[in-house]
Amino acid sequence: APAGLIVEGGTDESQVAAISDEEIFRAIREDVLAGAYYLIDYRGYAGYEPGDNVVQIFAMGSPATEALQASKDLLQKGIYANVILVTNPDLLLGNLAHENGYQHLKNGLGINANLYLKDFDPTQNGDLRSLAGRRVPIVSVHDGEIGLLDNIGSLIGVKQETLAVRKHSKSGRPSDIYRYHRIDAESVLQACGKVLAETALENLILPREAIPGGETPESDWRQLWS
């Protein structure tokens, strides 16, 4: 479990033997040269449930610090936000990546559109079982024009919210500029909440006769995240 977070059945990460710096640097070096690397990677942690409480944050440039803070704040809400730093968008998402089928994005980093199914009992009496399927959504944040990182979700097939520079800038402290462009930690946190809520509201369409009570009423993502 992440340090300081109590998770049933988990062991505090500070009590787990760490791999050597040499191994870490070797793996990171290869990923850096391929276009992106994990700065925060919660895969394998206790309580980590893709399709339920996991979101991927792709960051590039100076707002990476905002992504780190957002990930830390989200963890306190029980949400595991991996942070992936993009070192070269063309190698990861552009023409160079297209030549090899986006190998590093899909296989190196393991970003996918897998549908994670969970069953639940809407009747509370066990007579009917139903399924809910959810994917792991994406939030990207960078201090450049929007097109640099806005295609990750479409390449993979999941929801994505892109935070980038959408208007002329102003002078000020970095914290003020980040907030003005909505690429600050709070904006990243809220974007993660939005894509998680929107993903949770996706419907699994079945024949009407298979669902007692008719259609599922439409909802707004804000009802799940505030």
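Two strands count as paired here if DSSP finds at least two bridges between them, and with that in mind I would like to walk you through this model, which is a predicted one. Strand 2, residues 54–60, and strand 3, residues 80–86, run parallel and are joined by six bridges; within that pairing, Gln56 has Asn82 of strand 3 as its bridge partner.

Those two strands belong to an open sheet of five, whose order is 1-3-2-6-7 and whose pairing is mixed. At the edges sit strand 1, which covers 36–40, and strand 7, which covers 160–165, each of them pairing on one side only. From one strand to the next, the twist averages 25 degrees.

Turning to the helices, helix 2, residues 64–75, lies across strands 1, 2, 3 and 6, and runs at about 170 degrees to strand 3. Helix 8, in turn, lies across strand 2, strand 6 and strand 7, with an angle of about 155 degrees to strand 7. Helix 8 is made of 16 residues, 185–200, and spans 23 Å from its first C-alpha to its last, close to the 22 Å expected at 1.5 Å a residue. Among the buried residues of helix 8 are Val188, Leu189, Cys192, Val195, Leu196 and Thr199.

Finally, a word on the second largest pocket, which has a volume of about 570 Å³. Which residues lie nearest the centre of this pocket? They are Glu13, Ile19, Ile24, Asp41 and Tyr45, out of a lining of 24 residues, and to that lining helix 1, residues 21–34, and strand 1 each supply at least two residues.

Note on methods:
Residues are numbered from 1 along each chain as its sequence is written. This is a predicted model: local features need pLDDT of at least 70, side-chain atom pairs count only at pLDDT 80 or more; totals for chains, interfaces and linings use all residues. Side-chain values use heavy atoms; hydrogens and water are left out. Helices (H or I, at least four residues) and strands (E, at least two) are DSSP runs, numbered from the N terminus. The expected span of a helix is 1.5 Å times one less than its number of residues. Buried means under 20% relative accessible area, exposed over 50%, partly exposed in between (1.4 Å probe, protein chains only). Axes are lines fitted to C-alpha atoms, for helices over the stretch in contact, and angles run from 0 to 180 degrees between N-to-C directions. Contact means heavy atoms within 4.5 Å. On a 1 Å grid over the protein atoms alone, a cavity is a set of points where a 1.4 Å probe fits but cannot get out, and a pocket is an open set with protein on both sides within 12 Å along at least five of seven lines; lining residues have an atom within 4 Å of a point. Grid points are joined across faces, edges and corners, and a volume is the space filled by probe spheres set on the points.
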